[in-house]
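Here are my comments on the model you sent. Please read them with the coordinates open.

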Amino acid sequence: MVDKGYLVELGEGVSQGGRKPRLLRINNQLGYIAGIDIGATSLDIALADVTGSILQRCSEATDVHFSPDTVLGRCSELLLELIQAQGATSDQILGIGIGVPGPVDFARGVLVAPPLMPGWEHFPIQDFFKKTFISAFVVVDNDVNIMALGEQRAGDGAGIDHFIFVKIGTGIGAGIISNGKIHRGSDGSAGDIGHICVDKDGPLCSCGNRGCLEAMAAGPAIISKAMDAVRNGISPTLSQMRESNGGVIRPEDVNSACREGDQAALDIIRDSGQMIGDVLASLVNFFNPSHIFIGGGIANFGNHLLVAIRRAVLHRSLPLATTHLSIKFSRIGSNAGVMGAISLALDYLFAIEDNPHFIV
Ligand SMILES: [Zn+2]
């Protein structure tokens, strides 16, 4: 492997009797790995070497209501820019890990009935990237699964056997690490907690049912409640923000209004936290994790949200399940997705026995 350039020698190790050991590491000049995290409203792309160290990264806004050709085409362009900035070429990309915000049939690498992005159903994402990155092995997973993998690789989830990563953004989902491994379930849909019913008479969800957690507590629900508060005249701060934004309220406005002491905004955030906490309490009783990490755009909402989630979980879960339970925000934030995507690509790159790049 040294002769073929897969490993490089760092020198001699300390002998413990017998022949002197040689210290080796993977040759980080072998090629590159890309991690792509596609959210409902944002793209994060990172280029790493084959040891997983990030060399370049970029982010920009997107909208998954656009066609997969448009969004994935933009991902390809951005990745090519990162590769060029590194002085490399597209055929030096050996692996690409991609997270997408919907249910993924992991074995086939396709989205199945994705509520947020119906136009992406069964789109061949792997083939799309293989056209440009001909040497790359491409792995597609759910966006929250890759965040859980990122937390495990580079965050506080390192070394923890049983934890849940919850993403709260335009949608709500959970990535489950069980016995140190990601749990995708038999078809890949494990952790899709956004469509657990909270109120049978609640608002219509993008999945077609009523009162799902996502429809009641995620970003769009927060905006809708904020608009109601403005219409009902109970939030002067949000009214002002709406006027200065040209008639629009964004989730971050609700957070800012809350920080400025607006009671209606505080109530909206607490309500979301409580509903998310109630669902998490059931998961805690069912799965008994030692940690819950919270990430995603709405997670930037800070302590009011976290306190409401914690209170609901502690109130509704069994004491044995919560005695040692830690619930906190992910400290690696927006890096969790790309780190996990890179980690996933690396796992598969080195695991494939007939991978043409690694035949020894
Ligand atoms: Zn739903």
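The points below cover a metal site, a helix and a strand residue.

1. The model is predicted, not experimental. Please keep that in mind for every value below.

2. The zinc ion has four protein donor atoms: ND1 of His195 and the SG atoms of Cys205, Cys207 and Cys212. They lie 2.0 to 2.3 Å from the zinc ion. In sequence, the donor residues follow the spacing H-x9-C-x1-C-x4-C.

3. The geometry of the zinc site is tetrahedral, with angles of 104 to 123° among the four donor atoms. The ideal value for four tetrahedral donors is 109.5 degrees.

4. The cut-off for buried is under 20%.

5. Helix H11 covers residues 335-351. Its 17 residues should span 24 Å at 1.5 Å a residue, and the end C-alpha atoms are 24 Å apart, so the two values agree.

6. H11 is mostly covered, with twelve of its 17 residues buried. Among them are Gly337, Met339, Ile342, Leu346 and Leu349.

7. Ile172 sits in strand S11, residues 172-178. Its relative accessible area is 3%, so Ile172 is buried. Leaving out residues up to four places away in sequence, its contacts include Val166, Ile193, Leu213, Ala217 and Ile276. Ile172 also touches Gly194 and Glu214.

8. Ile172 and Arg310 are 138 residues apart in sequence. Their C-alpha atoms are 17 Å apart in space.

Conventions: Residues are numbered from 1 along each chain as its sequence is written. This is a predicted model: local features need pLDDT of at least 70, side-chain atom pairs count only at pLDDT 80 or more; totals for chains, interfaces and linings use all residues. Side-chain values use heavy atoms; hydrogens and water are left out. Donors are N, O and S atoms within 2.8 Å of the metal (3.2 Å for Na, K and Ca); water is not among the atoms, so sites may look incomplete. Four donors count as tetrahedral if all angles lie between 85 and 135 degrees; four count as square planar and six as octahedral if opposite donors are over 155 degrees apart and all others between 65 and 115; anything else is irregular. Helices (H or I, at least four residues) and strands (E, at least two) are DSSP runs, numbered from the N terminus. The expected span of a helix is 1.5 Å times one less than its number of residues. Buried means under 20% relative accessible area, exposed over 50%, partly exposed in between (1.4 Å probe, protein chains only). Contact means heavy atoms within 4.5 Å.
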